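Morning, everyone. Please look at the sequence and the structure on the screen, and then I'll take you through it.

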Amino acid sequence: MTVDGALAFLESTAFADAIRRSIWAYPALETIHIAGFGVLIGSLLVFELRLFGLGRVIQAVPLARLALGMSVIAFTVAATSGFLLFISGATELAAHPAFRVKLVLILIAGVNAIVFHARGGVRRQDVAARAQAAASIVLWVSVLTSGRLIAYL
């Protein structure tokens, strides 16, 4: 099966059709998606600001457990709702340049997070950890921006 065929199949499922036809499903999924991204970016920002020296009275490791745990949950919510939004118009969205940029940025942000944790960035809090935190903020805000641009380009 080709990529176009797989996209057309996803779009033709009864579930995708139900999302398209419902006056509530798409807006509800969009709200959940945006809320998920809000929690994701907010929880990452709290932790990353700690890496930059704000709130030094709060120990980084316990804060990381809380904030980054919330980030994982929020990302899961955003990704799941995003996938459901995607299947309702998969062929059109897959061709959209802003959507493609969004996916690439998510991939880069994910790799950044994996490298950050693999090298022990939470405990090290060194220049590299701060650089990765800055990159994380820029990447996730860029993901949010490219997602919004889908509606306008």
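First, a caution. This is a predicted model. Keep that in mind for every value I quote.

The fold, then. The protein chain has eight helices and zero strands. Along the sequence, the pattern reads α-α-α-α-α-α-α-α. The C-alpha atoms fill a box of roughly 50 × 30 × 25 Å along the principal axes. There are 153 residues in the chain, and buried ones make up 36% of them.

Now the contacts. Take those between residues at least 6 apart in sequence: 77% of them join residues at least 24 apart. The accessible surface comes to about 8,900 Å². Carbon and sulfur atoms account for 73% of that surface.

On to the aromatics. How many aromatic pairs does the count come to? It comes to four. Let me show you two of them.

Start with Phe75 and Trp140. Their ring centres are 6.1 Å apart, and their planes sit at 70 degrees. Over 60 degrees counts as edge-to-face, so this pair of Phe75 and Trp140 is edge-to-face. The pair links distant parts of the chain. Phe75 is in helix H4, residues 60-87, and Trp140 is in helix H8, residues 127-149. That puts the two partners 65 residues apart. Phe75 counts as partly exposed, at 33% relative accessibility. Trp140 counts as buried, at 8%.

Next, Phe86 and Phe99. This aromatic pair is stacked, with 5.3 Å between centres and 10 degrees between planes. Phe86 lies in helix H4 and Phe99 in helix H6, residues 97-118, so the pair ties together parts that are 13 residues apart in sequence. Phe86 and Phe99 are both buried.

There is also a cluster. Phe37, Phe75 and Trp140 form one aromatic cluster.

Val143 sits in helix H8. Is Val143 buried or exposed? Its relative accessibility is 0%, so Val143 counts as buried. What does Val143 contact, leaving aside neighbours within four places in sequence? The partners are Phe37, Lys102, Leu105 and Ile106. One distance for scale: Val143 and Ala128 are 15 residues apart in sequence, and their C-alpha atoms are 22 Å apart in space.

Last topic: charges. The chain carries 12 positive and 7 negative side chains. The centres of those two sets lie 16 Å apart. The salt bridge count comes to three.

Two of the bridges involve Asp17. Asp17 bridges to Arg20, with the closest N and O atoms 3.3 Å apart. Asp17 also meets Arg21 in a salt bridge, at 2.6 Å from N to O. Why is about one helical turn the separation of Asp17 and Arg20? Because they are three residues apart in helix H2, residues 14-21. Asp17 and Arg21 are four residues apart in helix H2, so about one helical turn separates them as well.

Now their accessibility. Asp17 is partly exposed, at 26%. Arg20 is partly exposed, at 39%. Arg21 counts as exposed, at 66%. Through shared partners, salt bridges join Asp17, Arg20 and Arg21 into one network.

There is also Asp126 with Arg119. Their closest N and O atoms are 2.6 Å apart. Asp126 counts as partly exposed, at 23% relative accessibility.

That's my tour. Over to you for questions.

Key: Residues are numbered from 1 along each chain as its sequence is written. This is a predicted model: local features need pLDDT of at least 70, side-chain atom pairs count only at pLDDT 80 or more; totals for chains, interfaces and linings use all residues. Side-chain values use heavy atoms; hydrogens and water are left out. Rings of Phe, Tyr and Trp (its six-membered ring) pair if their centres lie within 6.5 Å; planes under 30 degrees apart count as stacked, over 60 as edge-to-face and the rest as tilted. Helices (H or I, at least four residues) and strands (E, at least two) are DSSP runs, numbered from the N terminus. Buried means under 20% relative accessible area, exposed over 50%, partly exposed in between (1.4 Å probe, protein chains only). Contact means heavy atoms within 4.5 Å. Accessible areas come from the Shrake-Rupley method with a 1.4 Å probe; for residues, only the protein chains shown count as cover. Lys and Arg count as positive and Asp and Glu as negative; His and the chain ends are not counted. The place of a charge is taken as NZ of Lys, CZ of Arg, CG of Asp or CD of Glu. A salt bridge is a side-chain nitrogen of Lys or Arg within 4 Å of a carboxyl oxygen of Asp or Glu.
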